Amino acid sequence: MSSLDHPAVAKVAAALAEAGQTEAAEGIRVLPAEVRTAAQAAEALGVPVAAIANSLVFRARTGDTETALLALTSGGHRADTDRLARLAGADEVGKADADFVRAHTGQPIGGVAPVGHPAKLTTLVDTALEEHDVVWAAAGHPKSVYPTTFAGLVALTGGTPAAVAAEGEEGRP
């Protein structure tokens, strides 16, 4: 089975098409090797690392309730978890393990797409991505990516645009 035939990639392609993002769905690209990091994806695509939209899933806790928070961040910097917590209205935001990520997205770490999940996730979209005419996001598998835009990510996910970079990093106002 090729990566394009992978069930998670097919689900992402269908979600993109259903959202009217046909060019993005048709632009899904299968790379020769897995690209589990922004640096690997940027190198494989020949683009700046900051043009990679990392799909980072975090555990967001509010009181006794734990939910998944998706942060679509520029590959050029790290997300600030305290800032993410404030933006999401959570008491605390922390790292999610591989099982948590798969349970909430149906996709593996390194291949998490902005869509195609079992349920809609609260999403923050890094405003640093707006600096790039084209950004690349994972398409449900560690070898698959697709081209999109900052506006496309916001529209697709219903996400909230926000500056998510850690203090003093590029992309942080």
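**Entry 1: the largest pocket**

I began with strand S2 (52-62), which gives the most to the lining of the largest pocket, with 7 residues. I am reading a predicted model, where local features need pLDDT of at least 70, side-chain atom pairs count only at pLDDT 80 or more, and totals for chains, interfaces and linings use all residues. Residues are numbered from 1 along each chain as its sequence is written, and side-chain values use heavy atoms, with hydrogens and water left out.

I noted the terms. Helices (H or I, at least four residues) and strands (E, at least two) are DSSP runs, numbered from the N terminus. A pocket is an open set of points on a 1 Å grid over the protein atoms alone, where a 1.4 Å probe fits, with protein on both sides within 12 Å along at least five of seven lines. Lining residues have an atom within 4 Å of a point.

How much space lies in the largest pocket? I found about 700 Å³; a volume here is the space filled by probe spheres set on the points, which are joined across faces, edges and corners. There are 32 lining residues, and the closest to the centre are Arg-36, Asn-54, Ser-55, Leu-56 and Ile-109. Helix H3 (38-45), strand S6 (135-138) and strand S7 (144-148) are among the elements that give two or more residues.

I sorted the lining by class: 18 nonpolar, 10 polar and 4 charged. Nonpolar covers Ala, Val, Leu, Ile, Met, Phe, Trp, Tyr, Cys and Pro; charged covers Asp, Glu, Lys and Arg; the others, Gly among them, are polar.

**Entry 2: the second largest pocket**

I got about 220 Å³ for the second largest pocket. Its lining includes Ala-15, Glu-18, His-117, Lys-120 and Thr-157. Which elements give two or more residues to this lining? They are helix H1 (7-18) and helix H6 (150-157). By class I have 6 nonpolar, 4 polar and 2 charged residues.

**Entry 3: salt bridges**

Side chains of opposite charge can pair when their charged atoms come close. I looked for salt bridges (a side-chain nitrogen of Lys or Arg within 4 Å of a carboxyl oxygen of Asp or Glu). The structure holds 4.

Which residues are linked in a network of salt bridges? I wrote down Arg-59, Arg-61, Glu-66 and Asp-97. Glu-66 pairs with Arg-59, with the closest N and O atoms 2.7 Å apart. Glu-66 also pairs with Arg-61, at 3.3 Å. Arg-59 pairs with Asp-97 too, at 3.6 Å. Arg-59 lies in strand S2 and Asp-97 in the loop between strand S4 (92-95) and helix H5 (98-105), so this pair ties together parts 38 residues apart in sequence.

I checked exposure next. Buried means under 20% relative accessible area, exposed over 50%, and partly exposed in between (1.4 Å probe, protein chains only). Arg-59 is buried, at 18%. Glu-66 is partly exposed, at 32%. Arg-61 is partly exposed, at 37%. Asp-97 is partly exposed, at 40%.

**Entry 4: Thr-37**

I found Thr-37 in the loop between strand S1 (29-30) and H3. Thr-37 is partly exposed, at 38%. Thr-37 and Asn-54 are 17 residues apart in sequence and 8.0 Å apart in space, C-alpha to C-alpha.
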